[in-house]
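Hi,

Here is the structure I promised to pass on to you. Have a look at it first, then read my notes below with the model open next to them.

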Amino acid sequence: MEGLFSVETTYFADVILPVPIPRMFTYRVPRNFVDEIKIGARVIVEFGKNRVVTAVVGRIHETPPAKYQAKYILELLDTEPLITKQQLWLFDWIADYYMCCVGEVMNVAVPSGLKVTSQSRIQLNPDFDHPELLEENEIEFLEILKNHASLTYDDALKFVGETNINAMIKSLIGKHAIIMYEEVKEKYKPKIAKKIRLKRVYEGSEEVANLIDSLAKNAKQQTVVLEYLRQIPMHQLRERNHFGVDKSFFTQGETSDSSLNKLIEKGILEQFEIVVSRFGDDMPTEPVKIELTEAQQQASNEILSNFQEKDIVLLHGITGSGKTEIYIDLIQQVLEGGSQVLFLLPEIALTTQIVVRMKRVFGDKMGVYHSKFSDNERVEVWKGVLEGRYQFVVGVRSAVFLPMDNLGLVIIDEEHESSYKQYDPAPRYHARDVGIMLGLKQGAKILLGSATPSLESYYQASTGKYGLVTLNQRYGNAQLPDIQLIDLKAERKAKTMKNDFSSVLCQHIEHNLASGEQTIIFQNRRGYSPYLNCQECNWIGECEQCAVSLTYHLDSKELRCHYCGHKEEIPRACPACGSGKIRTVGFGTEKLEDDLRIMYPAARVQRMDLDTTRTKNAYQTILGEFEQGNTDILVGTQMISKGLDFDRVSLVGIFDADRMIHFPDFRAAERAFQMLTQVSGRAGRREKKGLVLIQTNNTQQSLLHKVVANDYMGYYHDEIKEREGYFYPPFTRVISITVKHEEQDKAEKAAHWLANKLLEKLGKARVLGPEKGMVERVRNKFLFDILLKLEKDKLNIKAAKVFLQEQIDAVMTQREFRGVYVVVDVDAV
């Protein structure tokens, strides 16, 4: 764009605002920005009254808006685009496909550290000359302001201590005594390291010797110089003195701070600052060639062969088959060709183990991107990709938004995982599908990997749209585990249960502890107990904002809602009848952990769920302890099911399989098969055959027998037939619509109005509902669900979405439905 603009012409910029409005907003480009402004650059603009936001330039033109007066852009943050044209295209595609606003996409895509914050500040008006207009308290406040360049609102409140400070500030503005303005700050701050070095005149050996002699009478200063020379020897001074030594080396050691400062004052040493990476100083490594087994090499060759004809290939490799080694081999080949690679994983827990393995191979060529990183760390990865430092990034779903524009390969591991789907807030995107579109747009190849592929992906592969490569051999000829079903009904009848553990599971845990082997216990429900119940009046603790029971958490001694986060103290007596007979019902990971500690006091028990992994390095710590053999039993939710490899795990115990299978959702069987197979895959590695024990109340369930036989194809054929019969994906596209309001009647009426409008156009076969939400009330709003099933081959789905949006706009603008909120989830999972 540089040099293309005429200074005499008035230019306008359409910008993407981080707010849910359906289109870009137009601003006037100040003349001093005309030569510098570029599409993809960040700008600061005023939106609404006194609201300053960070926006992204999407288009530059000469046409003023017809329906409003364009405000000026306040500030230009970038001289070079921070958002690429490829990303802007992707933002638009996501907004269109997932029926949301492009600003909502931008808000999620761009790291918080790249968005500026604004803060109102107060300063004296230098032109004010009417002290006679002021009240006594106003005079006192202006005296305070005279001693400060400016004050924030909070600072003013601290100084003044007035409860009615708003009225005073309003009065002072009206009298033109003060000025209110917005101070804009960029959140991202580079990491700065303070360093010390010798002045250049002392870089010669003779000069250094003379310097040491001159400090003979000041032993402490001489010690500082000698310590410096220990870090950078005299014969390397000319080459390395420029880089200096970290100041912390002197301030944390035994050298004197005052002596160091004196040497700086004398001009012998100098202090300087440099910007350093927050990810340490990973030295570039020589490429490590991965040695593939015969089966892995064959699979790799088949993938490359498929890529000759297909852009997307599905790698169906059983658990423990070594898919990661194949990925590494392919990544090396793509990087050697000069292209970029994006490697998506569904969970942060997975990145911990895989990143360590890949760092050994790729060193500082590789970036890591996930939500447990700080704002500053994510900005560094973003800028590292933009500047070409990271050719290869491993990340969770948000990594699809990184500014990659030369992709050669996109790998989506565990592609079946529901963790790739974002539920709230909008955009409710699926990272697998966005990753596919991103790769196709840039001409990259896409590799999907899973031991239990999603029905949609396997269907595409079986019909020839995707390539298909199968890997049926475990790495190192390790055997698949034995899987046994434990009949809980029979155990309860025989009275052999210990708490919620069957006698068979207990026997094998005891054997594992005696032989020094490790055990994983899987329960996909966190907390101690799903609810508290009064044995006298049958009271159950429920959330005051949601129609769900409160989960009991023993560690924090509280009842907690897993939908809205509401917390309560545990009642000493029943709130309804006053009885003290309150008991816990059911069990979560916390209770299983507690029971195991009591049953096996000598065992080292750890828990891995959302509650124990909230901090940045919690995953790494828990998995590291387990990998090093410092944990005997690991209790966890679905986090422990995803591709983690541990050599000493010989036993996996699975709880609540029945609840997973019979969950009221058309994907319940698919998720249950995937989860049970993936968790089972954690048992046994190399020469040791593992054992998996699934506790169930019904050992005759067909799906469980498919899991026991590791029969993916049998499960797939049964499930695909049922999906076709009931008109569900992959034969249709599903759109879920949720209507919300604080009044149940209003939410229900609005949902029926919307459903009737959709029925008129789309017909009964395509519109289900409205029905009460599975959870009827969340955060004090009543929920009603409508489900659209739109066939892919007979319907213009894009036109159907446009019609749906028109009807949603209509219902939300009607007076009788004021306050109704409608949430659309395309490809709901």
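Let's start with Asp14, which is buried, since its relative accessibility of 9% is under the 20% cut-off. Keep in mind that this is a predicted model. Asp14 makes a salt bridge with Arg59, and their closest N and O atoms are 2.8 Å apart. If you trace the chain, you'll see that this pair links distant parts of it: Asp14 is in strand 1 (residues 12-16) and Arg59 is in strand 4 (residues 52-61), 45 residues apart. Arg59 has a relative accessibility of 41%, so it counts as partly exposed.

If pairs like this are new to you, the general idea is simple: side chains of opposite charge can pair when their charged atoms come close. A search of the whole structure turned up 39 salt bridges, and here are a few others to look up.

Asp500 forms a salt bridge with Lys591, with 3.5 Å between the closest N and O atoms. Here too, distant parts of the chain are linked: Asp500 sits in the loop between helix 17 (488-494) and helix 18 (503-515), while Lys591 belongs to helix 19 (residues 589-599), 91 residues apart. Lys591 is buried, at a relative accessible area of 12%.

What else reaches Asp500? The side chain of Gln695 reaches the backbone oxygen of Asp500 at 3.1 Å. You'll find Gln695 in strand 29 (residues 691-696), and Gln695 is buried, with a relative accessible area of 3%.

Asp632 is in the loop between helix 20 (618-627) and strand 27 (633-636), and Arg604 is in the loop between helix 19 and strand 26 (605-608), so the pair ties together parts 28 residues apart in sequence. Asp632 is buried at 13% relative accessibility, whereas Arg604 is partly exposed at 40%.

Some salt bridges share partners, and in this way Glu456, Arg667, Glu670, Glu719 and Arg723 are joined into one network.

Last stop: which residues form a negative surface patch? They are Glu742, Glu743, Asp745 and Glu748. Glu742 is in the loop between strand 30 (732-741) and helix 25 (744-762). With a relative accessible area of 54%, Glu742 is exposed.

Cheers

How values were computed:
Residues are numbered from 1 along each chain as its sequence is written. This is a predicted model: local features need pLDDT of at least 70, side-chain atom pairs count only at pLDDT 80 or more; totals for chains, interfaces and linings use all residues. Side-chain values use heavy atoms; hydrogens and water are left out. Patches are made of residues with over 30% relative accessible area and no salt bridge: like charges are joined within 9 Å, nonpolar side chains (Val, Leu, Ile, Met, Phe, Trp, Tyr) within 5 Å. Accessible areas come from the Shrake-Rupley method with a 1.4 Å probe; for residues, only the protein chains shown count as cover. A salt bridge is a side-chain nitrogen of Lys or Arg within 4 Å of a carboxyl oxygen of Asp or Glu. Lys and Arg count as positive and Asp and Glu as negative; His and the chain ends are not counted. The place of a charge is taken as NZ of Lys, CZ of Arg, CG of Asp or CD of Glu. Helices (H or I, at least four residues) and strands (E, at least two) are DSSP runs, numbered from the N terminus. Buried means under 20% relative accessible area, exposed over 50%, partly exposed in between (1.4 Å probe, protein chains only). A polar contact is a pair of N or O atoms within 3.5 Å; within protein, one must be able to donate a hydrogen and the other to accept it, and residues adjacent in sequence count only if both atoms are side-chain atoms.
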